[in-house]
Every structure is written in structure tokens, then in C-alpha cells.
Amino acid sequence: MKEEKKDLRIVKTKNALYLALVDLMKDKTFEEIKVSEICNKALINRSTFYAHFEDKYEFLVDFLDTFKDSLTSYLDTNKNILNTKEYYMELIKLVLTHIEDKKNIYSAIMVNNRNGVMMDIIIDVVNKDIRKRVLDLGSTKSSVPADIIIKFYLGAIINVGIDWITENKYTKEEVIGYLDKLLPDNLDAI
């Protein structure tokens, strides 16, 4: 894709296309959706779509990159570094809040389309955040290797988040409360 100047028209066009895609993915898999359907739903001409994207796959990559940037920015707000437990609790709250705020996107892509790309994005973003905490912020004094710590917490956060969105058994506050009970207070001493 050619380099584009970020102006309001492009932002509005892409947002309309993103919303149309998410809406269509509630009922169809991505493979079943045609560019013309996305454009009709977004009230955008096909020529405008093709001015920005070569095909629907390039469009999907752009959409997922934008979503990944959104999740990364969200997790970057976690400045809670008093202790490791507080960091993980805040990280869990942020992930669940992001899922809650963008539930239509998570549902359309993860639940309805069973798209592994979305899982890869979430895992990648959360993994980088945990890795930054464990390696960059001095949590390496542990007797447990950093890669084991990262995988352990990454698995817990991802699985609880997926279960929460698909099962809808507990409120976000209940899940956070249960995880608070499960995480030991002395994580830094592990």
C-alpha cells in the first residue's frame, strides 16, 4: 500500500469500513464477505476502497494492525509498578476492560469467526507487556526463569479473558476479585 497522508477523510473512510466489517462478521465468516458488501454497508464506493487497499486481505491486515495498536496503547497506561501483584491485577483489569469496551469486535472475530489472528494479536501484545515488566523493570531477581514467569501469567490472562467473553458467566468485577484471591501477595519473592 502506498504511503498515505493522515487526513480526516481517510480516517473517516477507514473507520466506516472497519465498522462495516465488524458488523458483517457477526453473521458471516471473513471468507464469505465480499468487498462490495463491506463498501455497501460502509456507504463507501468500491473505487474508494481500492484506492486504500489492494484487496480485502490487505484491508483485514490494516484493521488488525489498528486493533493491535489500540490494545497496546491501552496496556501502556498501566503505570502500576509498586509490586508485581498490583501490576498483574492492573494488567488483567485493562485487558478485560478492553474486551468489554470492544466486545463487538472481539465477538465478531474471535467467537463468530474463530480467527486465530486475533488470538495471536492479543497474545503478542500481552506477552510484550509482561516481558517488559519482567525483564526491563527488574523482576528478574526471581528463582524462576523469566520465560517461565512470562508464559505462566500470559496463559492465565489469555485463558481467563477468552472464557470471560465466550462463557459470560461472571461479571468483570467477579473475575478480577477471583484472580486477586489466586495471585499471591508476595509475587516478587518467587
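The legends below describe close-up views of a predicted model.

View 1. The model is predicted. Read along the sequence, the pattern is α-α-α-α-α-α-α-α-α. Of the 190 residues in the protein, 42% are buried. Among contacts between residues at least 6 apart in sequence, 67% join residues at least 24 apart.

**View 2. Tyr18 and Phe59 form a stacked aromatic pair.** A search of the whole structure finds 11 aromatic pairs. In the pair of Tyr18 and Phe59, the ring centres are 5.9 Å apart and the planes are at 25°. Tyr18 belongs to helix H1 (residues 8–24) and Phe59 to helix H4 (residues 56–75), so the pair ties together parts that are 41 residues apart in sequence. Both Tyr18 and Phe59 are buried. These two residues are also members of a cluster linked by ring pairs, which contains Tyr18, Phe49, Tyr50, Phe53, Phe59 and Phe63.

**View 3. Phe152 and Tyr153 form an edge-to-face aromatic pair.** A pair of aromatic rings is described by the distance of the centres and the angle of the planes. For Phe152 and Tyr153 the centres are 5.0 Å apart and the planes stand at 90°, so the pair is edge-to-face. Which of the two residues is exposed, and which is buried? Phe152 is exposed, with a relative accessible area of 55%. Tyr153 has a relative accessibility of 9% and counts as buried, because buried means under 20%.

**View 4. Two lysines lie over aromatic rings.** Lys56 is placed over the face of Phe30, 4.8 Å from the ring centre. The charged end of Lys103 sits over the ring of Trp164, and here the distance from the ring centre is 5.7 Å.

**View 5. Helix H5 packs against helix H9.** H5 covers residues 84–101 and H9 covers residues 172–182. The axes of H5 and H9 come within 10 Å and cross at roughly 160°. Angles over 145 degrees count as roughly antiparallel, and H5 and H9 are therefore roughly antiparallel to each other. Their crossing is right-handed. On the H5 side the contact involves Lys85, Met89, Ile92, Lys93, Leu96, Thr97 and Glu100. On the H9 side, Lys172, Val175, Ile176, Leu179 and Asp180 take part.

**View 6. Helix H5 also packs against helix H8.** H8 runs over residues 146–167. The axes of H5 and H8 are 10 Å apart, and the packing angle is about 35°. The crossing of H5 and H8 is right-handed. From H5, the contact is made by Tyr88, Leu91, Ile92, Val95, Leu96, Ile99 and Glu100. From H8, it is made by Ile149, Tyr153, Ile157, Gly161, Trp164 and Ile165. Ile92, Leu96 and Glu100 of H5 are listed in the contact with H9 and in the contact with H8.

**View 7. Ile149 is a buried residue of helix H8.** Ile149 is found in H8. Its relative accessibility is 13%, so Ile149 counts as buried. The C-alpha atoms of Ile149 and Val134 are separated by 8.0 Å, and the two residues are 15 residues apart along the chain.

**View 8. Helix H1 crosses helix H2.** The axes of H1 and H2 come within 8 Å and cross at roughly 115°. That makes H1 roughly perpendicular to H2. The crossing is right-handed. H1 contributes Ala16, Leu17, Ala20, Leu21, Asp23 and Leu24 to the contact, and H2 contributes Glu37, Ile38, Lys41 and Ala42.

**View 9. Lys28 and Leu43 lie in loops.** Lys28 is in the loop between H1 and H2. At 29% relative accessibility, Lys28 counts as partly exposed. Lys28 and Ala108 are 80 residues apart in sequence, and their C-alpha atoms are 8.9 Å apart in space. Leu43 is in the loop between helix H2 (35–42) and helix H3 (46–52). Most residues other than glycine have a negative phi. Leu43 has a positive phi of about 60° although it is not a glycine. With 78% relative accessibility, Leu43 counts as exposed.

Conventions: Residues are numbered from 1 along each chain as its sequence is written. This is a predicted model: local features need pLDDT of at least 70, side-chain atom pairs count only at pLDDT 80 or more; totals for chains, interfaces and linings use all residues. Side-chain values use heavy atoms; hydrogens and water are left out. Rings of Phe, Tyr and Trp (its six-membered ring) pair if their centres lie within 6.5 Å; planes under 30 degrees apart count as stacked, over 60 as edge-to-face and the rest as tilted. Helices (H or I, at least four residues) and strands (E, at least two) are DSSP runs, numbered from the N terminus. Buried means under 20% relative accessible area, exposed over 50%, partly exposed in between (1.4 Å probe, protein chains only). A charge sits over a ring if NZ of Lys or CZ of Arg is within 6 Å of the ring centre and within 35 degrees of the ring normal. Axes are lines fitted to C-alpha atoms, for helices over the stretch in contact, and angles run from 0 to 180 degrees between N-to-C directions. Angles under 35 degrees count as roughly parallel, over 145 as roughly antiparallel, 65 to 115 as roughly perpendicular and the rest as oblique. A crossing is left-handed if the near helix is turned anticlockwise from the far one by less than a right angle, and right-handed if clockwise. Contact means heavy atoms within 4.5 Å.
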